[in-house]
Amino acid sequence: MNNDDNVCDGLDSHATYVGSVILDCLGNASQKADLRIAKVLENGRGSNYDAYTAILDLADRHVQLINCSWGGKTDNKMLAFAMKYAAEHNSIVVCSSGNDGGAVAYPANIPIRLQ
């Protein structure tokens, strides 16, 4: 995270656009939405640790829906833990599945098993 007051997407406003699509799909429920921003990428670059801490923080703040409109090919145990943690704290995590028509990207392909 870049720890500044600028919450705008540095690359192409992709995450803001995806978040607005999610809110639109919620219809009338989105009128009661409380939008929280946790920007973990700057110009398309960031770390797994930043994503991990942001997801944990949002889950701890009882955010109901977390948008992770980023993805990659690399498996990461920290992110797998964060996704499970969020699910256990009643947060729905929406992840990018990828843009190339191939295999589903990580972290969207993390199997979450709740007990």
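## Close-up views of a predicted model

**View 1. The buried side of helix α2.** The buried residues in helix α2 are Asp50, Ala51, Tyr52, Ala54, Ile55, Leu56, Leu58 and Ala59. Please keep in mind as you look around that this is a predicted model. Strand β1 and helix α3 are among the parts that cover these buried residues of α2. The helix itself is made of 13 residues, and from its first C-alpha to its last it reaches 18 Å, close to the 18 Å expected at 1.5 Å a residue. Helix α2 covers residues 48-60, and here the confidence is highest, with a mean pLDDT of 91.

**View 2. The whole chain, for orientation.** Let us step back for a moment before the next close-up. The protein chain has three helices and two strands, and from the N terminus on they follow the order α-α-β-α-β. Of its 115 residues, 26% count as buried. The chain exposes about 8000 Å², and carbon and sulfur atoms supply 50% of that area. Among contacts with a separation of 6 or more, 74% are between residues 24 or more positions apart. As for confidence, the average pLDDT of the chain is 78, and 82% of the residues score at least 70.

**View 3. A salt bridge between Arg61 and Asp57.** Here Arg61 and Asp57 form a salt bridge, with their closest N and O atoms 3.0 Å apart. How exposed is Arg61? Its relative accessible area is 48%, so Arg61 counts as partly exposed. Asp57 is also partly exposed, because its relative accessible area is 35%. In total, the model has two salt bridges, and the other one is the subject of the next view.

**View 4. The loop residue His62 after helix α2.** His62 follows α2 and sits in the loop that leads from α2 to β1. Is His62 buried or exposed? Its relative accessible area is 63%, so His62 is exposed. The backbone deserves a look too: phi of His62 is near 65°, a positive value in a residue other than glycine. For comparison, most residues other than glycine have a negative phi.

View 5. Where does Asn90 lie? Asn90 is found in the loop between α3 and β2 (92-95). With a relative accessible area of 67%, Asn90 counts as exposed. Phi of Asn90 is near 65°, which is a positive value in a residue other than glycine. His62 and Asn90 are 28 residues apart in sequence, and their C-alpha atoms are 7.5 Å apart in space.

View 6. Which residues make the nonpolar surface patch? Leu65, Ile92 and Val94 make this patch, which has an area of about 220 Å². Leu65 belongs to strand β1, which covers residues 65-68.

**View 7. Ala15 in helix α1.** Helix α1 covers residues 14-26, and confidence is lowest here, at a mean of 77. With a relative accessible area of 30%, Ala15 counts as partly exposed. Ala15 and Lys39 are 24 residues apart in sequence, while in space they are 8.9 Å apart from C-alpha to C-alpha.

Note on methods:
Residues numbered from 1 in each chain as written. Predicted model: local features only at pLDDT ≥ 70, side-chain atom pairs only at ≥ 80, totals over all residues. Heavy atoms only, no water. Patch = residues over 30% accessible without salt bridge, like charges linked within 9 Å, V, L, I, M, F, W, Y side chains within 5 Å. Areas by Shrake-Rupley, 256 points an atom, 1.4 Å probe, with all protein chains shown as cover. Salt bridge = Lys/Arg side-chain N within 4 Å of Asp/Glu carboxyl O. Helix = DSSP H or I, 4+ residues; strand = E, 2+ residues; numbered from the N terminus. Buried < 20%, exposed > 50% of the residue type's maximum accessible area, 1.4 Å probe, protein only. pLDDT = per-residue confidence, 0-100. Expected span 1.5 Å × (residues − 1). Contact = heavy atoms within 4.5 Å.
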